[in-house]
Amino acid sequence: MWLTSSSIGRKLIMAVTGACLVLFVTFHVLMNAVAILWPGAYNQICAFLGANWYALIASAGLGALFVLHIIYALWLTLQNRKARGNNRYAVTSTPKSVEWSSKNMLVLGIVVLAFLAVHMIQFWYKMQWQEIWGHWYSIDGVTVPAAAGTLFIHLAFQSWWTPVVYIIGFIALWFHMNHGFWSMFQSTGWNNTCWLPRLKKIASAWTTIVIGLFTVQALWFTYEAKSGTYLNDIKLNDQYLEMYNKEFQKEAMEIQQNAPNQFDPKAQAEIEAAQLKTLRSIKAFAPKAFLKLGIPAEYLEEAEKDNTAAEETAVEPEVSDESDSVAIEVNQEEPANN
Ligand code: HEM
């Protein structure tokens, strides 16, 4: 096929996948801006995108774009090296017109890829991947709602090394994107002497704005994570509580549906354990909402002890009566979004 057998065809694939990735990072930087301006609305978008079929198809498409872009980049690099043969290192003086980034596209791409690996572990793996498997990301026995994007930002940017790794990634991305942007026009034949300098300027401006915004955002999120804004904001706490409440109701219903009868002690104990885990998670990640629930301080401690004792002795846990359990109620007084 022409797209794979000819060098022009391969370059065209690089250009088209590159253009789609430029559009993606532009969309992404705008999404991050929503997280800064309206964090509640950002979480609603995360909930909407979540792990539904459309979002999964979009993510798979995006993954395919990255994979194609990388495979073709390696292919073209190998092809160029082969064409130059052993004389690859023979040239000692480089023509001025050959830019530094042009010669280092592969290395820059590898640095961007390393940043992406860290980034995917911090976000995608903890959000969408967990949701695909029907659960939430769990840390020290407490869970984080998959749609609480602001909480994942809080967790990621709490580490000192996150902004460092991101800024290194952004610098590499600036050079990579800047060069890739205008060279894709060159590959597609749009390279007359009048337009090429203009395209170079447009590429430079677009890349600088996008990467500049990413950098400001990384610094902003670091500041917010260190100040605990996303953990303590009252409206966000109500939103997290609503997510926890919904998830607990769903879990309790599933346990109940699989139980032989409504009063099955095993199912009751499972529901109590799920409730305890939910309350512990609310205490950790929605501390202000937890206070509003008005749960007596001793309740969690007592319940925790009962739970551990039941697990240790492996005896069928005792089923407490209604008055012992605490209902998780969502405070609906204020709207959830900011
Ligand atoms: C300050 C900088 C950034 C922040 C705070 C950030 C934040 C996030 C968050 C919260 C998600 C998960 C969203 C969701 O699954 O709904 C995400 C996903 C993602 N990010 Fe970033 N991001 C940043 C920069 C970047 C850059 C520079 C790139 C590309 C080079 C990138 C590539 C991706 C990709 C590929 C995904 C997965 C998208 C998907 O699941 O379909 N991010 N990012």
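How are α3 and α12 oriented to each other, roughly parallel or roughly antiparallel? The legends below, which begin with this pair, describe close-up views of a predicted model.

**View 1. The crossing of helices α3 and α12.** The axes of α3 and of α12, which covers residues 234-258, come within 9 Å and cross at roughly 20 degrees. Angles under 35 degrees count as roughly parallel, and α3 and α12 are therefore roughly parallel to each other. The crossing in which α3 passes α12 is right-handed.

**View 2. The shell of residues around the ligand.** There are 23 residues around the ligand, and those that come nearest are Ser 59, Phe 123, Trp 124, Gln 217 and Ala 218. By type, the shell holds 16 nonpolar residues, seven polar ones and no charged ones. At least two shell residues come from each of α2 (7-37), α3 (39-49), α4 (53-84), α6 (105-122), α7 (125-132), α8 (149-157), α9 (161-187) and α10 (195-227). The largest share, four residues, is supplied by α10.

**View 3. Helix α2 along its length.** Helix α2 runs over residues 7-37 and is one of the helices that supply at least two residues of the shell around the ligand. With 31 residues at 1.5 Å a residue, α2 should span 45 Å, and this agrees with its end C-alpha atoms, which are 45 Å apart. Buried residues of α2 are Arg 10, Met 14, Ala 15, Thr 17, Gly 18, Asn 32 and Ala 35.

**View 4. Asp 140 in the loop between β1 and β2.** Strand β1 covers residues 137-139 and strand β2 covers 142-144, with Asp 140 in the loop between them. Although Asp 140 is not a glycine, its phi is positive, at about 50 degrees. Asp 140 counts as exposed because it has 6 C-beta neighbours inside 10 Å, and the cut-off for exposed is 12 or fewer.

View 5. Leu 151 belongs to helix α8. Because 24 other C-beta atoms lie within 10 Å, Leu 151 is buried; the cut-off for buried is 20 or more. In sequence, Leu 151 and Ala 225 are 74 residues apart, while in space their C-alpha atoms are 9.0 Å apart.

**View 6. Ile 132 in helix α7 and its distance to Leu 56.** Helix α7 contains Ile 132. This residue has 13 other C-beta atoms within 10 Å, so Ile 132 is partly exposed. Ile 132 and Leu 56 are 76 residues apart along the chain, and 8.8 Å separates their C-alpha atoms.

Definitions and conventions:
Residues are numbered from 1 along each chain as its sequence is written. This is a predicted model: local features need pLDDT of at least 70, side-chain atom pairs count only at pLDDT 80 or more; totals for chains, interfaces and linings use all residues. A residue is near a molecule or strand if its C-beta atom, placed from the backbone, lies within 6 Å of it. Ala, Val, Leu, Ile, Met, Phe, Trp, Tyr, Cys and Pro count as nonpolar, Asp, Glu, Lys and Arg as charged, and the others, Gly among them, as polar. The expected span of a helix is 1.5 Å times one less than its number of residues. Axes are lines fitted to C-alpha atoms, for helices over the stretch in contact, and angles run from 0 to 180 degrees between N-to-C directions. Angles under 35 degrees count as roughly parallel, over 145 as roughly antiparallel, 65 to 115 as roughly perpendicular and the rest as oblique. A crossing is left-handed if the near helix is turned anticlockwise from the far one by less than a right angle, and right-handed if clockwise.
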